[in-house]
Amino acid sequence: MPGRVMRAVRRSREEPNAFARQLFAGLPRRYDLLEEGLSFGQNRRWRTAMVDAVVPGRPRRVLDVATGTAGVALMLADRTDAEIVGVDLTEEMLRQGQARVDARAETRVRLAVARAERLPFDDGAFDALTFTYLLRYVADPAATLRELARVVRPGGTVASLEFAVPPRPVWLPAWRLYTRLVLPAAGLIAGGPEWARVGRFLGPSIEEHYRHHPVEAHVRMWQEAGLEDVRVRTMSLGGGLVMHGRRA
Ligand SMILES: C[S@@+](CC[C@H](N)C(=O)[O-])C[C@H]1O[C@@H](n2cnc3c(N)ncnc32)[C@H](O)[C@@H]1O
């Protein structure tokens, strides 16, 4: 099984968008429930910490990249007065997001299909940008970060949330047990085969990503993309990584 997953990860480097699209196309129906349930509510804490970095800048326009079902976009709408644009490459995820936006009659959130690697916006078009669980799905994280930073005005905030590998040897075995056994089984029971697939994929994908790009390399990529005052916060024993910085 790990061999199959790793082949999928490698394939994702060759045709990254096709792999992510295929992975997420089957998930939207129960996405929000399972995202919270399978993370034991940690996802919401991590999201809140990421949005905390954006709120003090009182942005007027915010771009949320890899917005999926618009959970972060809606949290930004709740906590700021900004107009929010959410983009994602998977239409099925966006359709579910649009239904949530409509259900709340939230007129400040607009959703559109776009790739993080090539955003259809002018330089400096946004006061702040957030992105969540994105960098494992792009072929060139450094180039993608440069593209994300490009659309943020000087002085604007960029904030992100990604999964991470717990750094301490004492938590790593528990994390591996959770991601290799509990997550695929719980995914299958709660969400069916699509979620079992995600459950099998996540652990190896996260470890593979940090083997190629350790946290220090992330910080360097942010700095090389023109972001300064880059802060890193690991949460939940290292399972969540929240970063933020300012466009120079
Ligand atoms: C794990 S989901 C996270 C969704 C949302 N941010 C959240 O926290 O609920 C990752 C999302 O990234 C999107 N994605 C992956 N690669 C992308 C890319 N290159 N450009 C834009 N979106 C991408 C997927 O379609 C998926 O909706």
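Me: Is Asp52 buried, partly exposed or exposed, by its relative accessibility?
Reply: This is a predicted model, in which local features need pLDDT of at least 70 and side-chain atom pairs count only at pLDDT 80 or more, while totals for chains, interfaces and linings use all residues. Residues are numbered from 1 along each chain as its sequence is written, and side-chain values use heavy atoms, with hydrogens and water left out. Buried means under 20% relative accessible area and exposed over 50%, with partly exposed in between (1.4 Å probe, protein chains only). Since Asp52 has 35% relative accessibility, the class is partly exposed.

Me: Which side chain does Asp52 meet in a salt bridge?
Reply: A salt bridge requires a side-chain nitrogen of Lys or Arg within 4 Å of a carboxyl oxygen of Asp or Glu. For Asp52 the N to O distance is 2.7 Å, and the partner is Arg79.

Me: Is Asp127 buried or exposed?
Reply: The side chain of Asp127 meets that of Arg60 in a salt bridge (3.9 Å, N to O), and Arg60 itself counts as exposed at 61% relative accessibility. Asp127, by contrast, has 9% relative accessibility and therefore counts as buried.

Me: At what N to O distance do the side chains of Asp127 and Arg153 meet?
Reply: Arg153 counts as partly exposed, at 31% relative accessibility. The side chains of Asp127 and Arg153 meet in a salt bridge whose N to O distance is 2.8 Å.

Me: What is the relative accessible area of Ala114?
Reply: Ala114 has its place in the loop between strand 3 (109–113) and strand 4 (126–132). Leaving aside neighbours within four places in sequence, Ala114 is in contact (heavy atoms within 4.5 Å) with Val87, Asp88, Leu89 and Pro120. Ala114 is buried, and the relative accessible area is 9%.

Me: How far apart in space are Pro56 and Thr157, C-alpha to C-alpha?
Reply: Pro56 lies in the loop between helix 4 (42–54) and strand 1 (61–65), and is exposed, with a relative accessible area of 62%. Although Pro56 and Thr157 are 101 residues apart in sequence, their C-alpha to C-alpha separation is 9.8 Å.

Key
Helices (H or I, at least four residues) and strands (E, at least two) are DSSP runs, numbered from the N terminus.
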